Amino acid sequence: MEAYIAQGMHGLAYGMVLFLVASGLTLVLGMMGVLNMAHVNFFMLSAYLGYQVVAWTGSFWLALLIAPLLTAGAGILMERFLLKKVHAFGPMAELILTMGVAFIISDGVKAVWGTQNLPLSPPGSLSVLVNIAGVQYPAYRLFLIGLAVAILLLMALVLYKTRLGMIVRAAVADAGMVDALGINVPLVFMTVFGAGTWMAGVAGVAIAPILTVSPGLAAQMGMDAFIVIIVGGFGSLGGAFLVAILCGLLSAFGVQFLPQYASVLLFVFMAVVLAIKPEGLFGEKES
Amino acid sequence: MNILETRSLSHNFDGLRVLTDVNLNVLQGEKHAIIGPNGAGKTTLFNIITGTYTPSQGKIFFKDKDITGLGPCNIQRRGMGRSFQITSTFDRLNAFQNIRLAVLSNRKIRFNFLRFVDKMTDVSLETIDILKRLNLFDDRHFPAGVLSYGKHRCLEIGMALATNPDLVMLDEPAAGMSAEETHTAVELIQRLTEGKTMVIIEHDMDVVFKLADRITVLHHGTILATGTPEEIKANEQVQAAYLGRLEE
Amino acid sequence: MKRNLIWTLWAAGVAAVALFPHLFGVYYANALILFAVWALFAVSLNLLLGFTGLLSFGHAMYFGTGAYGAALALNHIKGLSIVPAVIIGMIAAVILALLIAPLVVRVSGTAFAMLHLAFAQLLYVLALKLRSITGGEDGISIYPRPDLNIFGLLRIEMNDQNFFYFAVIVIAAALSFLWFFTKTPFGQIMVGMRDNSKRIGYLGFKVTYTKAVVYAVSGGFAGLAGAIYALLQSLISTNDAYSMVVSVYPIMMVMLGGVLSYFGPIVGAAFFALIDEWIGSGQFQQLLLKLLSLLLPSSLAQRVSDFFQFEMILGLILVLVTLYWPLGLAGFIALQRMRWQMRRVSGGPQRSAT
């Protein structure tokens with residue numbers, strides 16, 4: 001029983017981080033119609049930057065603050081100087097461009113930091129075990145869940161209580177709307193893109209102590225994040241949240257019961273959902 | 001005899017009622033116009049009849065067969081062709097290729113991988129013939145996307161007609177045209193639909209009265225009146241609806 | 001006159017290919033086969049991307065399945081000749097395409113691309129896990145290369161030189177077929193679907209079936225390219241068959257050569273083969289190092305030149321091409337030609353304001 005609770009918590013923690021990554025991806029996709037193939041590479045880049053900050057300053061907290069901001073800056077530069085220019089050529093060009101950026105980041109990371117696994121240890125105060133209902137559980141994972149929930153609440157607050165949030169939601173629902181609203185569209189796009197990469201950046205630093213920093217990080221998280229937004233439905237935050245948690249649990253328990261095929265389970269899940277509902281669980285039908 | 005008939009057709013979009021209890025009859029061989037103020041549900045009615053949406057309630061009969069819920073493709077194959085209010089051509093293909101696709105459809109050439117399409121002489125000849133009748137022959141090498149607005153609209157209408165349908169549905173064929181272009185388009189439509197059944201949505205009353213044998217007035221998603229142009233002109237309800245709109 | 005010229009060019013081309021292994025040796029003969037494999041792979045992808053408007057981020061699925069199909073058939077069926085092996089690879093890819101088609105024909109655009117990324121990754125993971133069948137990262141070998149055996153009447157040993165002729169003939173035939181395919185009435189419907197799939201439906205063509213057929217053809221020929229690739233390398237591993245970069249290769253070739261043209265991707269494949277050779281042989285690194293040494297201290301120059309590994313260059317090319325050369329070489333040429341024609345016709349139709 002205790003093992004199940006522990007696995008459940010593991011799954012929950014991973015699911016929350018997955019949602020942090022996927023929500024930025026799905027927001028940008030819903031609002032700008034751009035699927036950023038490099039999104040998870042930003043996630044990985046942030047983990048490396050976090051590692052570097054820790055190596056220089058020794059402070060995990062500083063890393064958690066600085067690395068995501070640097071990552072968001074890189075994301076904004078990419079939106080401003082690359083994506084915007086190819087927007088006129090249509091979604092194919094945007095996909096291919098972001099794919100190119102993905103390759104550049106992942107190879108650049110290898111060139112700078114090498115291919116070995118780099119450890120990033122959690123701050124001392126969090127590397128203890130806490131007792132929850134008789135189960136010894138690492139405090140860091142609890143912190144991770146708390147952090148993800150905090151960001152989630154922040155995002156919900158911005159989305160539902162501010163003018164910017166209103167615009168973003170309107171734009172996700174109907175891309176044509178934004179132009180009619182008479183607002184500074186490029187600025188809103190840039191903000192959303194920056195916020196999306198920032199969340200991926202936070203996720204990258206936050207999960208690094210659990211997964212270690214390695215060039216495989218992007219691929220590992222990438223597929224899961226893409227599956228989350230496909231299954232959840234393009235542009236649907238609620239769908240992404242639900243599916244991210246489900247994916248987290250599925251992979252955690254999959255490792256427990258079917259260690260060989262844990263990674264395949266998610267794909268099977270995706271194929272089943274798509275066979276029934278090709279637009280994803282909460283997606284809207286293409287007209 | 002009715003070629004097209006809708007029976008108590010109703011439609012909702014996300015709970016918003018767009019059409020209520022629409023009973024439309026189109027007789028074999030007639031030119032039928034659907035008019036009505038903006039937002040009356042004309043294009044929705046068109047889209048439901050041609051298979052874009054499945055109606056929330058009610059049935060559609062085409063040539064006495066129930067076609068409710070069939071997709072655009074199957075409805076077209078039963079002999080109903082349509083054009084669009086917002087020009088919808090193959091913009092990177094030239095005018096010849098655009099019309100040729102319609103001709104291929106008419107000849108049921110679909111999964112043919114065995115011949116060069118350029119060497120299908122009969123198809124090419126028919127396409128050229130249609131292009132000439134559309135006055136597009138000289139523009140046949142230009143991609144549809146670069147044609148002038150009037151010519152682009154002609155191509156749009158021409159594609160609907162080139163499939164040689166038993167019933168052709170034209171959604172505001174003269175939308176956005178200048179007076180002169182409209183005049184040409186009306187002549188063109190008259191010439192090309194001779195002896196055919198046509199349903200047309202149109203705002204321009206001159207066009208309607210020139211083309212239509214019968215008119216249906218749609219208002220707030222219901223049919224206000226159906227009748228000959230004279231009857232419609234004299235109908236008080238119709239006048240009220242149109243005048244009411246002017247006062248708003 | 002013009003006809004004669006074309007025939008002469010044809011004859012010269014055939015003679016050049018026939019003499020190629022004698023003139024340049026096995027190494028360059030194999031390089032030419034590799035180019036042909038990439039060309040076929042790129043054209044098969046472009047059938048979807050350029051002619052139907054569908055971007056597949058997972059075409060390695062079909063390439064890899066063709067490669068594994070042929071390799072597994074040769075490993076498990078004793079005395080199998082080369083032609084049935086290649087056909088088995090191709091059929092395996094077609095079957096996979098037909099299995100996946102129902103899931104992907106209903107979507108287009110970004111969703112289509114994403115689904116392919118996911119399915120290709122699934123196949124990659126599966127192939128890695130099913131080590132007993134696929135050999136995982138080590139792969140499975142094809143040795144010796146099977147003979148060409150035509151009903152026992154004719155038996156040709158597939159040494160490097162004969163395999164060169166076999167591969168070139170098969171791929172040339174495949175490319176000719178695909179060219180013809182785009183010129184059929186079906187090919188027209190396919191191109192119409194790229195421009196406006198809604199209208200294709202309203203013209204009475206079934207969009208989903210049409211997509212499925214294009215999809216199966218594209219998958220099948222990618223599989224054929226994969227099968228020839230496996231025979232050329234005499235070895236196929238999960239990374240060579242199914243990994244992400246394999247899906248990106250043909251996209252890059254298509255972008256380089258020109259997405260809207262049939263022959264563009266073939267030229268793109270030539271570019272790619274040259275770049276691949278240039279980097280693979282280390283010449284690019286040496287050149288870069290030399291250039292950088294002129295500007296920077298040697299240790300820094302070394303570090304900077306190390307920065308430009310294969311995938312980095314791949315990424316840079318993708319970014320630069322989409323930014324500055326979105327229609328590829330073919331688009332560039334077409335644009336110049338159009339300008340020239342416009343100057344001659346003077347004017348042409350002008351779209352009036354709507």
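The expected span of a helix is 1.5 Å times one less than its number of residues. The views below are taken from a predicted model.

**View 1. Helix H4 of chain B and its buried side.** Helix H4(B) covers residues 121-133, and its 13 residues reach 18 Å from the first C-alpha to the last, close to the 18 Å expected at 1.5 Å a residue. Its buried residues are B:Val123, B:Ser124, B:Thr127, B:Ile130 and B:Leu131. They cover an arc of only 125° around the axis, which puts them on the same side of H4(B). An α-helix has 3.6 residues a turn, so residues three or four places apart point the same way. B:Thr121 and B:Leu125 are exposed and sit on the face of H4(B) turned away from the buried side. The loop between H4 and H5 of chain B holds B:Asn135; the phi of B:Asn135 is positive, near 60°, in a residue other than glycine.

View 2. Helix H5(B) runs over residues 149-162; at 1.5 Å a residue its 14 residues should span 20 Å, and the end C-alpha atoms are 20 Å apart, which agrees. B:Asn164 follows H5(B) and has a positive phi, near 50°.

View 3. Strand E8(B), residues 167-171, is mostly covered, with 5 of its 5 residues buried. B:Leu167, B:Met169 and B:Asp171 point one way from the strand, while B:Val168 and B:Leu170 point the other way. In a regular strand the side chains alternate between the two faces of the sheet. Strand E7(B), residues 80-82, runs parallel to E8(B) and is joined to it by 3 bridges, with B:Met80 opposite B:Leu167. Strand E9(B), residues 197-201, is also parallel to E8(B), and 5 bridges join the two. B:Leu170 stands opposite B:Ile200 in E9(B). From E8(B) the chain passes through helix H6(B), residues 179-192, to reach E9(B), and this β-α-β crossover is right-handed.

View 4. B:Glu172 belongs to the loop between E8 and H6 of chain B. Its relative accessible area is 8%. Because buried means under 20% relative accessible area, B:Glu172 counts as buried. The phi of B:Glu172 is near 45°, a positive value in a residue other than glycine. Most residues other than glycine have a negative phi.

**View 5. The hairpin of strands E10 and E11 in chain B.** Strands E10(B), residues 214-219, and E11(B), residues 222-227, run antiparallel and are joined by 5 bridges. They form a hairpin with 2 residues between them, and B:His220 in the turn has a positive phi of about 50°. B:His219 has B:Thr222 as its bridge partner in E11(B), and the partner of B:Thr216 is B:Thr226. In E10(B), 5 of the 6 residues are buried, so the strand is largely enclosed by the rest of the structure. Strand E4(B), residues 31-35, runs parallel to E10(B) and is joined to it by 4 bridges. B:Ala33 of chain B stands opposite B:Ile215 in E10(B).

View 6. The whole structure holds 37 aromatic pairs over all chains. In chain C, ring pairs link C:Trp38, C:Phe41, C:Phe63, C:Tyr229, C:Tyr249, C:Phe272 and C:Phe310 into a cluster. B:Arg7 lies over the face of B:Phe61, 3.9 Å from the ring centre. The charged end of B:Arg82 sits over the ring of C:Tyr202, at 5.5 Å from its centre.

**View 7. A cis peptide bond in chain C.** The peptide bond from C:Tyr143 to C:Pro144 is cis, with omega near -5°. C:Pro144 lies in the loop between strand E1 (140-141) and strand E2 (148-150) of chain C. Most peptide bonds are trans.

**View 8. A:Ser127 in a loop of chain A.** A:Ser127 is placed in the loop between helix H4 (91-113) and strand E1 (129-132) of chain A. A:Ser127 counts as partly exposed, at 48% relative accessibility. The C-alpha atoms of A:Ser127 and A:Tyr140 are separated by 6.1 Å, and the two residues are 13 residues apart along the chain.

Definitions and conventions:
Residues numbered from 1 in each chain as written. Chains lettered and ligands numbered in written order. Predicted model: local features only at pLDDT ≥ 70, side-chain atom pairs only at ≥ 80, totals over all residues. Heavy atoms only, no water. Buried < 20%, exposed > 50% of the residue type's maximum accessible area, 1.4 Å probe, protein only. Pairing = 2+ DSSP bridges. Right-handed = clockwise from strand over helix to strand, strands pointing away. Phe/Tyr/Trp six-rings, centres within 6.5 Å; stacked < 30°, edge-to-face > 60°. Lys NZ or Arg CZ within 6 Å of the ring centre and 35° of its normal. Arc of directions from axis to C-beta.
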